[in-house]
Amino acid sequence: MIRMLLSRFKVPLVSSPQSLLRPNGRSTSVTRILQDHVGVSSRMKTVIGFRAFCAGKDLSAKKCVPCNSNEMRPMTEQAAHELISQVPEWDLVNEGGRLRLSRSWKVKTFLKGLEFFEAVANVAEAEGHHPDLHLVGWNNVKIEIWTHAVGGLTENDFILAAKINGLKLHDLLRRKASNG
């Protein structure tokens, strides 16, 4: 499994993947290599911890990967349509051929909107993937997510949307009108 992970992320292999050499001649662990090349949090100490990142189907359990790869490309509209069902209440928007994810909420007050953005900002910062945040009027919150580096959507965008969906923000939001 370790060899597969390292080859997937184009990390050069030596005879023992448990002890890889850095350019300075010192060895480094597989955990360090995966953190450097895949962007996995340093809090994950074991290779077992990387399984959810690499093989998990639940987007909220995955980790955003760095967007600095020259090989990263925006996904097709068909691929985006396949993933959109995994992020309920998000809309797929095509603006001038550029795909984005968009979602809006109504918050109780202006300050609750700022609290909402702080909670989202904490998740975005932890993922290293930052959405466009809009506070329109005093209580309309809108988030747009797309990978600026590629000019469209990547799996990172869906991962971040899933993590935002998982936030407990109910106390900040206005209640929907009941039909009773």
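The protein chain exposes about 10,800 Å² of surface, and carbon and sulfur atoms supply 52% of that. These areas come from the Shrake-Rupley method with a 1.4 Å probe, and for residues only the protein chains shown count as cover. What you're looking at is a predicted model, where local features need pLDDT of at least 70, side-chain atom pairs count only at pLDDT 80 or more, and totals for chains, interfaces and linings use all residues. Residues are numbered from 1 along each chain as its sequence is written, and side-chain values use heavy atoms, with hydrogens and water left out.

**The overall layout**

- You'll find six helices and six strands in the protein chain; both are DSSP runs numbered from the N terminus (helices are H or I with at least four residues, strands are E with at least two).
- Starting at the N terminus, the order of elements is α-β-β-α-α-α-β-β-α-β-β-α.
- Out of 180 residues, 38% count as buried, meaning under 20% relative accessible area, while exposed means over 50% and partly exposed is in between (1.4 Å probe, protein chains only).
- Take the contacts (heavy atoms within 4.5 Å) with a separation of 6 or more: residues 24 or more positions apart account for 57% of them.

**The largest nonpolar core**

- A nonpolar core is a set of buried Ala, Val, Leu, Ile, Met, Phe, Trp, Tyr and Cys residues joined through side-chain atoms within 4.5 Å.
- The largest one has 30 residues, and W90, F116 and F158 touch the most other members.
- Two or more residues each come from α4 (77-83), β4, α5 (110-127), β6 (140-145) and α6, with α6 giving the most, six residues.
- Leaving out residues up to four places away in sequence, W90 touches a list that includes I84, L101, W105, I143, A161 and I164.

**Helix α6**

- Nine of the 11 residues of α6 are buried, so this helix is mostly covered.
- Among those buried residues are F158, I159, L160 and A161, along with D157 and K163.
- The buried residues of α6 pack against α4, β4, α5 and β6.

- S102 has its place in strand β4, and it's buried because its relative accessible area is 9%.
- Not counting residues up to four places away in sequence, S102 touches E89, W90, D91, V93, K142, I143 and E144.
- E95 is found in strand β3 (residues 91-95), and it counts as partly exposed because its relative accessibility is 40%.
- With the sequence neighbours up to four places away set aside, E95 touches R100 and E144.
- E95 and G152 are 57 residues apart in sequence, and their C-alpha atoms are 10.0 Å apart in space.

**The second largest pocket**

- Rolling a probe the size of a water molecule over the atoms shows where empty space is left.
- On a 1 Å grid over the protein atoms alone, a pocket is an open set of points where a 1.4 Å probe fits, with protein on both sides within 12 Å along at least five of seven lines; lining residues have an atom within 4 Å of a point.
- About 380 Å³ of space lies in the second largest pocket; grid points are joined across faces, edges and corners, and a volume is the space filled by probe spheres set on the points.
- This pocket is lined by 15 residues, and the closest to its centre are E89, R103, W105, L173 and K176.
- The elements giving two or more residues to this lining are β4 (98-106) and α6 (155-165), and β4 has the largest share, four residues.
- By class, the lining has six nonpolar, three polar and six charged residues; Ala, Val, Leu, Ile, Met, Phe, Trp, Tyr, Cys and Pro count as nonpolar, Asp, Glu, Lys and Arg as charged, and the others, Gly among them, as polar.
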